Amino acid sequence: MPLTHDAFQALPNWRTPYLRDLLMDSGVLPHLDRRLLLFERWLAQRIAATEDAERARIRRHFATWRQLRKLRAKAARSPLGTSTRQEARQQISRTGAFPAWLSARHVTLDSCTQTDLDAWHVEKYATQRPAQTFLCWCMNTRRLPWLTIPNRPTTNPDPTGQHQRIAALQRVLADESTSPRVRVASPSASSRCSHIPSAESSA
């Protein structure tokens with residue numbers, strides 16, 4: 001076999017990445033980002049395993065013109081991180097999910113409506129989120145009509161501030177109408193905030 005990166009990419013043996021590392025370190029092969037090479041290898045296998053021909057074609061186009069261009073540009077500046085490669089893999093993995101979901105509803109990409117897109121995101125929003133890059137690409141390449149991608153924060157809201165906690169404890173301790181169970185449970189919290197005035201001192 002020729003000593004080229006393309007030849008190594010075609011080999012199925014899992015040990016070949018380590019041999020290729022040695023050849024790059026010794027100058028036999030041009031040095032390329034290892035994580036990029038592993039991603040390209042995984043991508044080729046993922047596309048080959050896609051049974052539906054149309055979905056495989058769309059996945060290949062998205063990977064070639066969106067993901068690989070971005071990763072190669074980033075790798076040219078600095079080594080790729082594990083999180084970058086993992087994010088790209090998640091996005092590629094979700095490229096088949098949305099078309100398959102539409103197909104089950106007897107809808108194609110070009111006939112997708114806002115109602116369809118909203119319904120897709122209602123089902124496990126956090127799981128569907130990696131597909132949003134693919135959806136934007138489909139709109140930009142006119143494979144999907146211009147629609148609004150639902151955007152819902154998946155992070156926890158900001159924690160309650162110290163002043164808010166103190167004010168809440170004051171209300172609980174000073175309000176005699178609060179249930180006895182809640183008032184009994186409050187001293188353990190108020191003991192950690194010794195500067196909270198009691199109901200008598202604040203009267």
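Begin by selecting His5, which lies in helix H1; helices here are DSSP runs of H or I with at least four residues, numbered from the N terminus. A word on what you are looking at: this is a predicted model, where local features need pLDDT of at least 70 and side-chain atom pairs count only at pLDDT 80 or more, while totals for chains, interfaces and linings use all residues. Residues are numbered from 1 along each chain as its sequence is written, and side-chain values use heavy atoms, with hydrogens and water left out.

**Stop 1: His5.** At 11% relative accessibility, His5 counts as buried (buried is under 20% relative accessible area, exposed over 50% and partly exposed in between, with a 1.4 Å probe and protein chains only). Show its side chain and you will find that it reaches the backbone oxygen of Pro30 at 2.7 Å. Leaving aside neighbours within four places in sequence, the contacts of His5 (heavy atoms within 4.5 Å) are Arg20, Met24, Leu29, Pro30, Leu32 and Leu37.

**Stop 2: helix H2.** Now select residues 16-25, which form H2. Which of its residues are buried? They are Thr16, Pro17, Arg20, Asp21, Leu23 and Met24. Look down the axis of H2: these buried residues fall within an arc of 165 degrees, so they line one face of the helix (the arc is taken from the directions from the helix axis to the C-beta atoms). On the other side of H2, Leu22 and Asp25 are exposed. The cover over the buried residues of H2 includes helix H1 (5-9) and helix H3 (34-48). Just after H2, click on Gly27, which takes a positive phi of about 85 degrees.

**Stop 3: Leu102.** Move on to helix H6 (residues 97-104), where Leu102 lies. Leu102 is buried, with a relative accessible area of 0%. Not counting residues up to four places away in sequence, Leu102 touches Val107, Thr108, Leu109, Cys112 and Asp116. Draw a distance from Leu102 to Trp120: they are 18 residues apart in sequence and 8.7 Å apart in space, C-alpha to C-alpha.

Key. Helix = DSSP H or I, 4+ residues; strand = E, 2+ residues; numbered from the N terminus. Polar contact = N/O pair within 3.5 Å; in protein donor to acceptor, adjacent residues only side chain to side chain.
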